[in-house]
Amino acid sequence: MTVTGAWMPYWTGDVICMEASLADELSRTFDLAFRPVEWPKSENSDAVQLVIPAVGEKWYDPNLLEKAGVERHGTQGALCSECGRWRWMPLGREFRPPLLKFEGLGDVDIAASPEWFGDGQLCFRHLLFRRELAEAISLASPRDFKLVEAE
Ligand SMILES: [Zn+2]
């Protein structure tokens, strides 16, 4: 399977939370895992966080990530001082290298990139959604999710 049929969200973070009722509804159709939200509880204490597995060896050509990072930010990335991971510099969609042909989403409906990105406090992965899941989430929360087809 190729990346066709997967959608990528237009925002930069990789944490997706939703009401438990929506999580229940989506779980009837999709193979998803959830855990309680990690931030301090508010009134909306039934919120859950989607658990997003990393899929594949790499989604991007590292040489192209390095080149784009240097062009945009003067550096390709750095080790995060907090979590110790290598993270590439964040790149807006128009500056990202194309996705490599990787194994695809396999039997999951949402996947996170093996590569980490970030700067300052921020560490995140890129996400790919199966199209039907992306549509269901954006239908439930149209103002929070802007979805674009993976390229
Ligand atoms: Zn980090």
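What percentage of the contacts in the protein chain with a separation of 6 or more is accounted for by residues 24 or more positions apart? The figure is 66%. The model described here is a predicted one.

## Overview of the chain

The protein chain contains 3 helices and 9 strands. Read along the sequence, these elements follow the pattern β-β-α-β-β-α-β-β-β-β-α-β. The chain has 151 residues, and buried residues make up 23% of them.

## The sheet of E2, E4 and E3

Three of the strands are described together here. An open sheet of 3 strands has the order E2-E4-E3, and its pairing is antiparallel. Strand E2 (17–19) and strand E3 (33–36) stand at the edges; each has a single partner strand, so one side of each is left without a neighbour in the sheet. Neighbouring strands of this sheet are turned against each other by 45 degrees on average, if direction is ignored. As a general point, strands of a sheet pair through backbone hydrogen bonds, either parallel or antiparallel.

The pairing can be followed residue by residue. E2 and E4 are joined by 3 bridges and run antiparallel. On this side of the sheet order, Glu19 stands opposite Ala47 in E4. E3 pairs with strand E4 (residues 47–51) over 4 bridges, also in the antiparallel sense. Ala33 has Val51 in E4 as its bridge partner, while Pro36 stands opposite Val48 in E4.

Which residues of E4 form its covered face, and which its uncovered one? Val48 and Leu50 belong to the covered face, whereas Ala47, Gln49 and Val51 belong to the uncovered face. In a regular strand, side chains alternate between the two faces of the sheet.

Helix H1 (residues 20–29) lies across E2, E3 and E4. The direction of H1 is at about 95 degrees to E2.

Helix H2 (residues 62–73) has 12 residues. From its first C-alpha to its last, H2 reaches 16 Å, close to the 16 Å expected at 1.5 Å a residue. After H2 comes Gly74, which has a positive phi, near 80 degrees.

In helix H3 (residues 131–140), the buried residues are Leu133, Ala134 and Ile137. These residues cover an arc of only 100 degrees around the axis, which puts them on the same side of H3.

## The hairpin of E7 and E8

E7 and E8 run antiparallel and are joined by 7 bridges. Asp119 has Leu122 in E8 as its bridge partner. The hairpin has 2 residues between the strands, and Gly120 takes a positive phi near 60 degrees.

Gln121 is found in the loop between E7 and E8. Is Gln121 buried or exposed? Gln121 has 7 other C-beta atoms within 10 Å, so it is exposed; the cut-off for an exposed residue is 12 or fewer. Gln121 and Glu82 are 39 residues apart along the chain, and their C-alpha atoms are separated by 8.3 Å.

## Trp116 in E7

Trp116 lies in strand E7 (residues 110–119). With 19 other C-beta atoms within 10 Å, Trp116 is partly exposed, because a buried residue needs 20 or more.

Which residues are in contact with Trp116, leaving aside its neighbours within four places in sequence? They are Arg85, Trp86, Arg87, Cys123 and Arg125. Trp116 and Cys80 are 36 residues apart in sequence, and the distance between their C-alpha atoms is 9.8 Å.

## Nonpolar cores

In soluble globular proteins, nonpolar side chains tend to be buried together. The largest nonpolar core in this model has 15 residues. Of these, Ile52, Ile110, Ala111, Leu127, Leu128, Phe129 and Leu133 touch the most other members. The elements that give two or more residues to this core are E4, E7, strand E8 (122–130) and H3.

Another core, of 8 residues, lies apart from the largest one. Among its residues are Trp59, Met89, Leu91 and Leu99.

Key
Residues are numbered from 1 along each chain as its sequence is written. This is a predicted model: local features need pLDDT of at least 70, side-chain atom pairs count only at pLDDT 80 or more; totals for chains, interfaces and linings use all residues. The expected span of a helix is 1.5 Å times one less than its number of residues. Two strands pair if DSSP finds at least two bridges between them. Axes are lines fitted to C-alpha atoms, for helices over the stretch in contact, and angles run from 0 to 180 degrees between N-to-C directions. Two residues are in contact if their C-beta atoms, placed from the backbone, lie within 7 Å. The arc is that of the directions from the helix axis to the C-beta atoms. A nonpolar core is a set of buried Ala, Val, Leu, Ile, Met, Phe, Trp, Tyr and Cys residues joined through C-beta atoms within 7 Å.
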